[in-house]
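Here's a quick briefing to read alongside the coordinates. Take a look at the model, then skim the points below.

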Amino acid sequence: MTRMSGHGCPRRSFWAAGLTVVACAATSLGCASWRPGGTTQQVAETPVPSPGVRQVSFEDTEPPGAEVDPVEVEKKSWWQSLGGSSVERSIRESTGKVVQDKARAKRLYAEGETLYEQGMKAPVDQRDAALHKAADNFKLAGKYYVESDLEENALMYAAECYYFLDEYPDAVEMYGKLIKKYPNTKYLDQVGNRRFKLARYWVEKYSQNPSQPLIPNLTDEQTPLFDRFGNAIKLYDMIRLDDPTGKLADDATLAAANANFKQGKYEAADRFYTDLRQNFPSSEHQFIAHYLGMFCKLKMYQGPSYDGQSLDEAGKLAERMERQFPDRVVEHREAIDAAKKEVRAKQAERLWHLATFFEGRQQYGGARFYYHQVIKDFPNSNMADAARERIAEIADRPDHPKQYAKWLIDIVDYDEDKDMPKIAPEDPTPRTANAQNQ
């Protein structure tokens, strides 16, 4: 993606040719509405360059962390860029088939740092060109010196350029490349922080203006092209998966669960709440995972005609909360008691529904079983009294209805193997012994 120099209004080059009218309308809106913080919460503040990304010499004989002197950005005239070697190099760089060149990598990296510093010191509406060029330099530097500290730092720097350009999907892509290439990178915590802020920002944007996953976003370069909400949840998930023992892993799990719960995606929310309860036992969010998980399971229950597992699990979570978090339960006693009553009522309703179902089919044995279950589980309820009355009413009824036209049922359920001749069991006596007896 590219941004028009000197303007905050984004455009996606992929769609620009066919969407001129949309691009013109976007340009007329001005820059303030396109940056997070123009009308909503700001994600990327104007920073002092982060100490987590610093100049490094990358000389084998020098210790890591040594400073590199700033350099002047290499400028080439237009006729120099048309030379044969330059064209060949451009083709190789665009395809990624470059010949490893440590000296060129260091030069590109140093230029990128200079451009980065210039861009970060410039006003927000003037930093675009420098940061875009810096990002290109960092990406090329990494290609010329792979499997090195330089490449690791270059990937991080490129991601940061896109982050402060407010081109968040490109930033997320570069963070992902960094983690994929260097899973134990020294920037793991910083990447987690960036991802968390971006995921939260995308969820907020989606909440303000929900959109269908398959409708493309052609106007806002801060959010993904498709499925803003789904990509936000994916970011939360990547935090947990890439750094499961990190300080943000349980926070990201809870945030993903809560975001799904607020959108009514209860099954997805339940998976995250369950994961938080099982895989982060020492998390400070354990009570919330139990409390909201209980309501999530109540919401998942679809009625007496469907499976009642989520209903039973909601009741178990309520019991577990009272044992493990007695102090917190006191704060939410009214809501928890109401939820427990709802669970009990729905469980009784489910048993009654099953009993009447079997009674309607004249399978009175099954009906009596579930009426007795109602009396056993809910002895002091009005439903238990009604169950006793129904048991007395059907006391003389057979367990199963009378079978009419049994001959027809026998034909339909005929067992083809019933009259098949049986194969005699194999004689365990050795064949040679049989021959001798003959």
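Gln-362 counts as partly exposed, because its relative accessibility is 43% (buried is under 20% relative accessible area, exposed over 50%, partly exposed in between, with a 1.4 Å probe and protein chains only). Gln-362 sits in the loop between helix H15 (333-360) and helix H16 (364-377), and has a positive phi of about 60 degrees although it is not a glycine. Keep in mind that this is a predicted model, where local features need pLDDT of at least 70, side-chain atom pairs count only at pLDDT 80 or more, and totals for chains, interfaces and linings use all residues. Residues are numbered from 1 along each chain as its sequence is written, and side-chain values use heavy atoms, with hydrogens and water left out.

**Overall picture**

- The chain has 19 helices and two strands; these are DSSP runs numbered from the N terminus, with helices (H or I) of at least four residues and strands (E) of at least two.
- Of its 438 residues, 40% count as buried.
- Among contacts (heavy atoms within 4.5 Å) with a separation of 6 or more, 63% come from residues 24 or more positions apart.

**Confidence**

- pLDDT, the predictor's confidence in each residue from 0 to 100, averages 77 over the chain, and 70% of the residues score at least 70.
- Residues 1-73 have a pLDDT below 50, though this stretch has 140 contacts in the model beyond near neighbours in sequence.
- pLDDT also stays under 50 over residues 419-426, where the model has two contacts beyond four places in sequence.

**Another positive phi, and a buried histidine**

- Asp-166 isn't a glycine either, yet has a positive phi of about 65 degrees; the residue is in the loop between helix H6 (149-164) and helix H7 (168-181).
- Asp-166 counts as buried, because its relative accessibility is 3%.
- His-132, in helix H5 (residues 128-144), is buried with a relative accessible area of 14%.
- The His-132 side chain makes a polar contact with the side chain of Glu-167 at 2.8 Å (a pair of N or O atoms within 3.5 Å; within protein, one must be able to donate a hydrogen and the other to accept it, and residues adjacent in sequence count only if both atoms are side-chain atoms).

**Helix H10**

- H10 (residues 249-262) is largely enclosed by the rest of the structure, because 10 of its 14 residues are buried.
- The buried set includes Asp-250, Thr-253, Leu-254 and Asn-260.
- Cover for the buried residues of H10 includes helices H8 (188-208), H9 (228-242), H11 (266-279) and H12 (286-300).
- Just after H10, Gly-264 takes a positive phi of about 75 degrees.

**Salt bridges**

- The structure holds 16 salt bridges, each a side-chain nitrogen of Lys or Arg within 4 Å of a carboxyl oxygen of Asp or Glu.
- Glu-151 pairs with Lys-181, with the closest N and O atoms 2.8 Å apart; Glu-151 is in helix H6 and Lys-181 in helix H7, 30 residues apart.
- In that pair, Glu-151 is buried at 8% relative accessibility, whereas Lys-181 is partly exposed at 32%.
- Glu-173 forms a salt bridge with Lys-177, with the closest N and O atoms 3.8 Å apart; they're four residues apart in helix H7, so about one helical turn separates them.
- Arg-390 bridges to Glu-359, with the closest N and O atoms 2.1 Å apart; Arg-390 is in helix H17 (residues 382-393) and Glu-359 in helix H15, so the pair ties together parts 31 residues apart in sequence.
- Salt bridges that share partners join Glu-322, Arg-333, Asp-337 and Lys-340 into one network.
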